[in-house]
Amino acid sequence: MTDPEILKAFKCTGCGECCRWSGSVLLTNSDIAKIASHLELSEQEFIDHQTRLAPNRIQLALLDKEDGSCSFLKSDRCSIYETRPEQCRSFPFAWSVPDGCPALDTLLTPQKNIE
Ligand code: SF4
């Protein structure tokens with residue numbers, strides 16, 4: 001999924017599907033500061049209660065629920081949408097994207113049909 005035109009045309013519909021995929025939502029220092037402030041927590045409180053060490057052992061990631069979905073997904077919506085992490089904002093750029101994102105699948109369908 002590298003076609004820049006397709007990436008440019010992508011518009012998130014907020015369906016929450018990608019928030020249910022397993023994997024790590026990696027956090028930048030700026031993400032931590034913004035989300036902690038949004039939740040009215042200190043950065044340390046946010047780190048202690050809402051994050052885990054990512055498999056790369058050099059970054060923090062958001063906690064997952066038992067089913068693998070993001071802990072901030074509530075009623076099929078991101079509960080921190082205004083301050084969601086950069087990785088989420090830049091979807092699908094930094095993601096390993098399987099089928100299942102309705103907006104992306106719609107864009108990719110014509111391309112798949114001619115491959
Ligand atoms: S932070 Fe929000 S947008 Fe990002 S994966 Fe979690 S629920 Fe989805």
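Is Phe10 buried, exposed or partly exposed? Phe10 is partly exposed, because 17 other C-beta atoms lie within 10 Å. The cut-offs are these: 20 or more other C-beta atoms within 10 Å of a residue's own make it buried, 12 or fewer make it exposed, and anything in between is partly exposed, with C-beta atoms placed from the backbone.

This is a predicted model, in which local features need pLDDT of at least 70, side-chain atom pairs count only at pLDDT 80 or more, and totals for chains, interfaces and linings use all residues. Residues are numbered from 1 along each chain as its sequence is written.

Start with the whole chain. It holds five helices and four strands. In sequence order the pattern is α-α-α-β-β-β-β-α-α. Helices (H or I, at least four residues) and strands (E, at least two) are DSSP runs, numbered from the N terminus. The C-alpha trace spans about 50 × 30 × 25 Å along its principal axes. Of the 115 residues, 15% are buried. Take the contacts between residues at least 6 apart in sequence: 63% of them join residues at least 24 apart. A contact here means two C-beta atoms, placed from the backbone, within 7 Å.

Back to Phe10. It sits in the loop between α1 (4-9) and α2 (29-38). Setting aside neighbours within four places in sequence, Phe10 contacts Pro92, Ala103, Leu104 and Leu107. Ser37 is 27 residues from Phe10 along the chain, and their C-alpha atoms are separated by 29 Å.

Pro92 has a feature of its own. A cis peptide bond joins Phe91 and Pro92, with omega about 5 degrees. Pro92 lies in the loop between α4 (86-89) and α5 (102-114).

Most residues other than glycine have a negative phi, and most peptide bonds are trans. Arg57 has a positive phi, near 60 degrees. Its loop runs between β1 (51-53) and β2 (60-62). Arg57 is exposed, because 6 other C-beta atoms lie within 10 Å. Asp76 also has a positive phi, near 65 degrees. It lies in the loop between β3 (73-74) and β4 (77-78). Asp76 is exposed, with 12 other C-beta atoms within 10 Å.

Now the helix pair. The axes of α2 and α3 (residues 43-50) come within 9 Å and cross at roughly 95 degrees. So α2 is roughly perpendicular to α3. Axes are lines fitted to C-alpha atoms, for helices over the stretch in contact, and angles run from 0 to 180 degrees between N-to-C directions. Under 35 degrees counts as roughly parallel, over 145 as roughly antiparallel, 65 to 115 as roughly perpendicular, and the rest as oblique. From α2, Ile32, Ala33, Ile35 and Ala36 make the contact; from α3, Glu43, Phe46 and Ile47 do. By class, the contact of α2 with α3 has six nonpolar, no polar and one charged residues. Ala, Val, Leu, Ile, Met, Phe, Trp, Tyr, Cys and Pro count as nonpolar, Asp, Glu, Lys and Arg as charged, and the others, Gly among them, as polar.

Last, the core and the ligand. The largest nonpolar core has 14 residues, and Val25, Leu62, Cys70 and Phe72 touch the most other members. Such a core is a set of buried Ala, Val, Leu, Ile, Met, Phe, Trp, Tyr and Cys residues joined through C-beta atoms within 7 Å. Beyond its neighbours within four places in sequence, Val25 contacts Ala61, Leu62, Cys70, Pro85, Gln87 and Cys88. The residues surrounding the ligand include Val25, Leu62, Cys70, Phe72 and Arg84. Each has its C-beta atom, placed from the backbone, within 6 Å of the molecule. That shell has 10 nonpolar, no polar and one charged residues.
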